[in-house]
Amino acid sequence: MKKLENKVAIVTGGSGGIGQSICQFLAREGAKVVINYHSDAQEAQETQEKIQEVGSESHIVQTNLAKVDQIENLVRESIERFGKVDVLVNNAGIEKRADFWDVTEEDYDLVLNINLKAVFFATQAVVKHFRATNNPGKIINISSVHEELPFPHFTSYCASKGGLKMITRNLAVELGSMGITINNVSPGAIATPINQNLLNNPELLQKVTKNIPLGHLGEPEDVAALVAFLASDEAKYITGSTFYVDGGLLWNYQEQ
Ligand code: BGC
């Protein structure tokens, strides 16, 4: 039997990058997947086709995650379509580079709304469903090495990921008695559209890879494989933890 047979998973930001790979890996293990996306309908369709290829079902929901009523609708529609939800992967994320003194309120709000507030309220909506159905479900947040590591010019991003670390620790305690688990998967530099600037800049890319002990960027699949494991019953005793998928980046220090 596949690891996620009869499970239903919602993946926010499931149309591209790491999210698309997560959708595929969950589906490959037998899960039905709700592909949530914001702006790229064609990419969402592509994700759906990839899920079909591995023999599972999916449903696409367009959502502005900055709006709590739309988040609630995402969860409601998922339950209507597949009868229940077992796994929520809070994957959608956004970053804005700026010198601290130039950060606008608009960009600050966008980053915090998507990376932190949306995770809070999507998790709340799903936990209400878990409680109502007595289902010990699983929450997985895609965080970042930057829930620990400073990233100059990305202070709002770091604030959001640091917040995510404490959401996870807090809810692991508060929801533990219901059997609900919550964990963070924290990528380092992965070759995805969020890193397009980096990928287009060979000089910067060389600097970044020099900081990575394994010597290269990660692939979305490196992250997705761990998410599929954490979503499965095999991970039933794991909660409140952060798992880094970063080629050794976070704890790298060398005198040279
Ligand atoms: C960020 C990337 C960055 C990586 C490593 C990720 O969380 O989204 O922009 O390259 O961390 O610093």
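In this predicted model, helix α3 and helix α4 meet through two sets of side chains: V68, I71, V75 and I79 on the α3 side face K117, A118, F121, A122, A125, V126 and H129 on the α4 side. Sorted by class, this contact of α3 with α4 is made up of nine nonpolar residues, one polar residue and one charged residue.

The geometry behind this contact can be stated briefly, since two packed helices are described by the angle between their axes and the distance between the axes. Here α3 spans residues 68-82 and α4 spans residues 105-133, and their axes come within 9 Å of one another while crossing at roughly 35°; the sense of the crossing of α3 and α4 is right-handed.

Helix α4 also takes part in the second largest pocket, where it supplies the largest share of the lining, namely four residues. The residues that line this pocket are F120, T123, Q124, V127, L171, E174, L175 and M178, and the elements giving two or more residues to the lining are α4 and α5, the latter covering 155-175. By class, the lining of the second largest pocket comprises five nonpolar, two polar and one charged residues, and the space that lies in the pocket amounts to about 170 Å³.

Stepping back to the whole chain, the protein has eight helices and seven strands. Its radius of gyration is 18 Å, close to the 18 Å that the globule rule gives for 256 residues, and the protein is therefore as compact as a globular protein of that length. Along its principal axes, the C-alpha trace of the protein spans about 55 × 35 × 35 Å.

Technical notes: Residues numbered from 1 in each chain as written. Predicted model: local features only at pLDDT ≥ 70, side-chain atom pairs only at ≥ 80, totals over all residues. Heavy atoms only, no water. Axes fitted to C-alpha atoms, helices over the stretch in contact; angles between N-to-C directions. Left-handed = near helix turned anticlockwise from the far one by under 90°. Contact = heavy atoms within 4.5 Å. Nonpolar A, V, L, I, M, F, W, Y, C, P; charged D, E, K, R; others polar. 1 Å grid on protein atoms, 1.4 Å probe; cavity = no way out; pocket = protein on both sides within 12 Å on 5 of 7 lines; lining within 4 Å. Points joined across faces, edges and corners; volume = space filled by probe spheres on them. Rg over C-alpha atoms; globule rule 2.2 N^0.38 Å.
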